[in-house]
Amino acid sequence: MLRAAAGGRALLLGALLWAAGNAELPTAVNITWSSINFKTILQWQPKPSGYFYTVEIHGQTSDTKKKCIRTAETECDVTDALRNVEETYTAHVVSVTSSDMDNFEEPPFAVSEKFTPYSQTVLGKPEIQNYTQKGSKLSVVFRDPLTPYTFPNGSFQSVRDIFQYDLEYKLYYWKDQSSGKKDATTKSHKFDVSVDGTRNYCFYIQGIIPSRRENRNGQESMVLCTSVGRNILDEYGAEVFIIIAVIAIAIIALAVVLSVILCKRKKAKAAREKEPLNGV
């Protein structure tokens with residue numbers, strides 16, 4: 001009886017000491033979600049010293065998932081804990097020690113802002129696969145960005161597989177050496193737009209989620225330009241043409257000067273040859 005009471009007091013004392021030690025642990029601050037094409041990284045501060053962090057992902061309907069258990073880092077890839085992309089999640093960044101006595105009292109933690117992948121992940125850059133300008137038609141073929149999520153056969157899902165008809169793309173295009181932009185919209189993987197067949201065009205593509213209030217526009221693809229009928233002025237600009245013209249004028253002037261010098265020398269030589277020899 002006495003032994004059991006002593007054991008209980010020792011256990012309680014250990015729990016109190018552990019709780020007191022954990023009460024002094026700093027909690028995370030500046031917790032942020034960073035998500036592109038549904039690959040989601042949770043970040044926070046400060047760097048731990050003498051303790052660790054464990055991330056808990058809490059969904060509205062799903063079970064709590066622990067990630068990056070006892071990590072000394074200040075970021076955690078939580079992508080696979082957010083597979084239900086339409087659910088809203090919060091993250092608890094828990095400050096813990098290396099002790100296993102974590103059954104007595106909840107350790108200190110900080111809570112993130114809410115995050116819903118479907119409405120908050122950023123659309124990445126579309127990949128332009130092919131483009132042609134034939135006559136007055138510019139055609140651009142592109143591919144959807146891929147996500148980290150896979151189908152049962154192991155192939156990666158694209159953002160279109162998830163957003164489906166809620167996804168569209170815009171093509172922004174303009175005459176080369178001009179600042180006036182036009183745009184066209186499609187829900188497919190191809191653009192066909194009418195252009196001035198005598199001019200070259202530059203363009204880029206951007207994904208859009210029209211149903212969103214925020215974060216509607218995705219990242220812009222690289223800018224590409226056509227090269228149909230491209231002349232030296234289109235390619236390099238007027239400055240290079242001026243430089244070439246100056247060089248050409250200089251070469252012509254030098255040729256004229258050399259011709260004049262050679263002509264004078266020939267005349268002088270001919271005059272010397274006509275002069276009578278001395279003493280004859």
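Me: Is Lys190 buried, partly exposed or exposed?

Reply: Keep in mind that this is a predicted model. Lys190 counts as partly exposed because its relative accessibility is 40%, and the label spans the range between 20% and 50%. Asp192 is partly exposed too, at 42%.

Me: Which side chain does Lys190 meet in a salt bridge?

Reply: Side chains of opposite charge can pair when their charged atoms come close. Here Lys190 pairs with Asp192, at 3.9 Å from N to O. By the same rule, the count comes to eight salt bridges.

Me: Which parts of the chain does the pair of Asp80 and Lys67 link?

Reply: Asp80 and Lys67 form a salt bridge whose closest N and O atoms are 2.9 Å apart. The pair links distant parts of the chain: Asp80 sits in the loop between β5 and β6, and Lys67 in strand β4, 13 residues apart. Lys67 counts as buried because its relative accessibility is 19%, and the cut-off is under 20%. Asp80, at 39%, is partly exposed.

Me: What is Val55 in contact with, beyond its neighbours within four places in sequence?

Reply: Its contacts include Lys67, Leu42, Trp44 and His92. Val55 lies in strand β3 and is buried, with a relative accessible area of 0%.

Me: And where is Leu254 found?

Reply: Leu254 is in helix α5, residues 238–274.

Terms used: Residues are numbered from 1 along each chain as its sequence is written. This is a predicted model: local features need pLDDT of at least 70, side-chain atom pairs count only at pLDDT 80 or more; totals for chains, interfaces and linings use all residues. Side-chain values use heavy atoms; hydrogens and water are left out. Helices (H or I, at least four residues) and strands (E, at least two) are DSSP runs, numbered from the N terminus. Buried means under 20% relative accessible area, exposed over 50%, partly exposed in between (1.4 Å probe, protein chains only). Contact means heavy atoms within 4.5 Å. A salt bridge is a side-chain nitrogen of Lys or Arg within 4 Å of a carboxyl oxygen of Asp or Glu.
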